[in-house]
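Here are my notes from a look through this one, point by point. Have the structure open while you read.

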Amino acid sequence: MDRDTMEQFKAICDSCNQQDWQKRLRAIDDIQDWVEKYSKKVRSTQPGTFISLVDTYCMLIQDNNTKV
């Protein structure tokens with residue numbers, strides 16, 4: 001996976017930590033779009049590379065705001 005793609009991934013994951021629930025909601029759409037676009041690369045890369053993806057999804061599932 002190239003450096004720019006990984007930087008984009010990290011930025012999207014970081015945006016999921018926003019305090020504003022509307023920004024978190026947009027970040028969910030962004031991360032979903034990213035995963036769909038790069039799904040083949042994600043599957044073919046070592047599992048540990050994208051552990052933060054799983055962590056981010058788990059964090060969002062447990063979000064206290066039901067709108068998220």
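1. Start with arginine 24. Setting aside neighbours within four places in sequence, arginine 24 is in contact with Cys16, Gln18, Gln19, Asp63, Asn65 and Val68. This arginine sits in helix H2. Is arginine 24 buried or exposed? It counts as buried because its relative accessible area is 9%, and the cut-off for buried is under 20%. Bear in mind as you go that this is a predicted model.

2. For contrast, have a look at asparagine 64, which is placed in the segment after H4. With a relative accessibility of 78%, asparagine 64 counts as exposed; the cut-off there is over 50%. In sequence, asparagine 64 is 43 residues away from tryptophan 21, yet their C-alpha atoms are 9.9 Å apart in space.

3. Next, the pairing of H1 and H2. Helix H1 covers residues 3-15 and helix H2 covers residues 21-37; their axes come within 8 Å and cross at roughly 150 degrees. That angle is why H1 counts as roughly antiparallel to H2. The crossing of H1 past H2 is left-handed.

4. Which residues make that contact? From H1 you have Thr5, Gln8, Phe9, Ile12, Cys13 and Ser15, and they meet Lys23, Ala27, Asp30, Ile31 and Trp34 of H2. Sorted by type, the residues of the H1 contact with H2 come out as six nonpolar, three polar and two charged.

5. H2 also has a contact with helix H4, residues 51-61. Here the axes come within 12 Å and cross at roughly 145 degrees, and H2 passes H4 in a left-handed crossing. On the H2 side the contact uses Ile28, Ile31, Gln32 and Val35, and on the H4 side Leu53, Thr56, Tyr57 and Leu60. This set divides into six nonpolar, two polar and no charged residues.

6. Not counting residues up to four places away in sequence, isoleucine 31 touches Ile12, Cys13, Leu53, Thr56 and Tyr57.

7. Cysteine 13 is one of those partners, and it is found in helix H1. Cysteine 13 is buried, since its relative accessible area is 7%. Leaving out residues up to four places away in sequence, cysteine 13 touches Ile31, Ser52 and Thr56. Its C-alpha atom is separated by 8.9 Å from that of isoleucine 28, which is 15 residues away along the chain.

8. Last, the core. What makes up the largest nonpolar core? Eleven residues do: Met6, Phe9, Ile12, Cys13, Ile31, Trp34, Val35, Tyr38, Val42, Phe50 and Leu53. The elements giving two or more residues to this core are H1 and H2, and H1 supplies the largest share, four residues. Both cysteine 13 and isoleucine 31 from the points above belong to this core.

Note on methods:
Residues numbered from 1 in each chain as written. Predicted model: local features only at pLDDT ≥ 70, side-chain atom pairs only at ≥ 80, totals over all residues. Heavy atoms only, no water. Axes fitted to C-alpha atoms, helices over the stretch in contact; angles between N-to-C directions. Parallel < 35°, antiparallel > 145°, perpendicular 65-115°, else oblique. Left-handed = near helix turned anticlockwise from the far one by under 90°. Contact = heavy atoms within 4.5 Å. Nonpolar A, V, L, I, M, F, W, Y, C, P; charged D, E, K, R; others polar. Core = buried A, V, L, I, M, F, W, Y, C linked by side-chain atoms within 4.5 Å. Buried < 20%, exposed > 50% of the residue type's maximum accessible area, 1.4 Å probe, protein only.
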